[in-house]
Amino acid sequence: MARTAWVFLLALTTLSVGEKSASAKQFKKAAYYGAGQRPSEVAVGDLNNDGKADLIFADWLSNQIVILLGNGDGSFQKPITIPAPSPTDLALGDLNGDGNLDLVVTESGGSGSGTLAVYLGEGNGHFRLRAKYTLGAYAGAVTVADFDGDGKLDVAAVDEGSGSSGVLRIFPGTGKGTLGRPTVYKAAVWLGAPAAGDLGGGHLPDLAVTEPMDGSVAVFLNDGTGKFLKPVTYNAGGGEVVDVQIADLRNDGRNDLVAANGSLSAVAVLLNKGDGTFGPVKLYPTHCDVEAVVVADFNLDGHLDAAVAAHIDNSALIYGKGDGTFGPPVVIKDEIGTDGGYSIASGNFITGDQAPDLAIPIQDDGKVAILLNTK
């Protein structure tokens, strides 16, 4: 599940004909681009400083990172590749303050011990390896944020665990493209995907981390120094919760949690009470095998919406009402194979167009589906 840097829903119903047609109007027919052999995670950023959105993927089967530079008209160039041993996740951020986006990658390595790799961006779409740091055997997802407020980006990396335990590591950034000794937080359950954002109103990033096998989300509140308090766990519907995003769904200055519940084929919403605690979960159906979620205002009505990537089915979109609730799902037709999207990202792939587009890696075909917004 791709995670972007800090800087840059239980009643199931049947889709009506009208709901299906709504999706056709939201996005153009998908266009497909080669993105390695089995692209899993995706992130969006301007990798060559030309003002155009680019894509970067973790291709674990081919042991490489794949880059597609954007042309600014919704199309993409031929892939650029970087060798990386079994990359599991990636995130972007300027780690050395030179104005170029850098790359952090978790790598399983295949040797029983994972690594966190830092690649410095050269500002032209290319990266060079700067340093590697030891993780546990189950290197998982990663995100980037300035957790201690010193103006230098830090890295949060998850060791998923063997099913009974997990580890969260916070690596402090030095501002030079390297990382300091991590602070380690151990969990009694398997950890999944992290997201960074201000949840407690302290103005420093907190963390929300999925607990996939427990059907919940753990909230790690920042103590104001870059350290984290003991996590509080919130039920996200049970089953398998595979992804989480942090977003202000009510435009009230309080960030809420939006999680992908694969077992229930639903998006789980937890609304912030204003103090970093959350109300009971509300589930919104998607009618697809949810693997990842992204939040953006896709129809430009001033309310955040949620789009999900699906493993087998076509993906789906649910429109936000601006009060923390969502409408019924509409279909996003993106798939060309049997093994679909495990990740999803949003960006403006047409320069100057304010309507968010979608990128969904299609693993089985080694391609990415690009869905351009018609708004």
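## A chat about strands, rings and salt bridges

Tutor: Let's begin with a charged pair: Arg-250 and Asp-256 meet through their side chains in a salt bridge, at 2.8 Å from N to O. Keep in mind that this is a predicted model.

Student: Okay! Is Asp-256 buried or exposed?

Tutor: Asp-256 is buried, because its relative accessible area is 0%, and buried means under 20%.

Student: Which other residues are joined up with Arg-250 and Asp-256?

Tutor: Salt bridges with shared partners make one network out of Arg-250, Asp-252, Arg-254 and Asp-256. Within it, Asp-252 forms a salt bridge with Arg-250, and their closest N and O atoms are 3.5 Å apart.

Student: How many salt bridges turn up in the whole structure?

Tutor: A search of the whole structure finds five. Another one of them is between the side chains of Glu-107 and Lys-132, with 3.0 Å from N to O.

Student: Where do those two sit in the chain?

Tutor: Glu-107 belongs to strand E7 (residues 102-107) and Lys-132 to strand E9 (residues 127-134). They are 25 residues apart, and the pair links distant parts of the chain.

Student: What about their exposure? Let's take Glu-107 and then Lys-132.

Tutor: Glu-107 is buried, at a relative accessible area of 0%. Lys-132 is partly exposed, at 39%.

Student: Let me step back. What is the chain built from?

Tutor: The protein chain has one helix and 28 strands. Of its 375 residues, 59% are buried.

Student: How many bridges join E4 to E5?

Tutor: Four bridges, with the two strands running antiparallel. For an example, Val-66 has Thr-81 in E5 as its bridge partner.

Student: New topic: aromatic rings. How many pairs are there?

Tutor: The whole structure has eight aromatic pairs. In one of them, the ring centres of Tyr-33 and Phe-76 are 5.7 Å apart and the planes are at 75°, so the pair is edge-to-face.

Student: Why does 75° make it edge-to-face?

Tutor: Because planes over 60 degrees apart count as edge-to-face, and the planes of Tyr-33 and Phe-76 are at 75°.

Student: Where are Tyr-33 and Phe-76 located?

Tutor: Tyr-33 is in strand E1 (residues 31-34), while Phe-76 is in the loop between strand E4 (64-68) and strand E5 (80-83), 43 residues apart. Tyr-33 and Phe-76 are both buried.

Student: Which ring cluster do they belong to?

Tutor: Ring pairs link Tyr-33, Phe-76 and Phe-349 into a cluster. The rings of Phe-76 and Phe-349 have centres 5.5 Å apart and planes at 80°, so this pair is edge-to-face. Phe-349 lies in the loop between strand E26 (345-347) and strand E27 (357-362), 273 residues from Phe-76. Phe-349 is buried, and so is Phe-76.

Student: Back to strands: how many residues of E16 are buried?

Tutor: Five of its five residues, so E16 is mostly covered. Ser-216, Ala-218 and Phe-220 point one way from E16, and Val-217 and Val-219 point the other way.

Student: What does E16 pair with?

Tutor: Strand E15 (residues 206-211) pairs with E16 in the antiparallel sense over five bridges, and Glu-211 stands opposite Ser-216. The hairpin of E15 and E16 has four residues between the strands, where Gly-215 takes a positive phi near 65°. E16 also pairs with E17, antiparallel over four bridges, and there Ala-218 has Thr-233 as its bridge partner.

Student: Last one: what lies in the loop between E16 and E17?

Tutor: Lys-230 is found there, in the loop between strand E16 (216-220) and strand E17 (232-235). Lys-230 counts as exposed because its relative accessibility is 76%. The C-alpha atoms of Lys-230 and Lys-186 are separated by 9.8 Å, with the two residues 44 apart along the chain.

Technical notes. Residues are numbered from 1 along each chain as its sequence is written. This is a predicted model: local features need pLDDT of at least 70, side-chain atom pairs count only at pLDDT 80 or more; totals for chains, interfaces and linings use all residues. Side-chain values use heavy atoms; hydrogens and water are left out. Buried means under 20% relative accessible area, exposed over 50%, partly exposed in between (1.4 Å probe, protein chains only). Rings of Phe, Tyr and Trp (its six-membered ring) pair if their centres lie within 6.5 Å; planes under 30 degrees apart count as stacked, over 60 as edge-to-face and the rest as tilted. A salt bridge is a side-chain nitrogen of Lys or Arg within 4 Å of a carboxyl oxygen of Asp or Glu. Two strands pair if DSSP finds at least two bridges between them.
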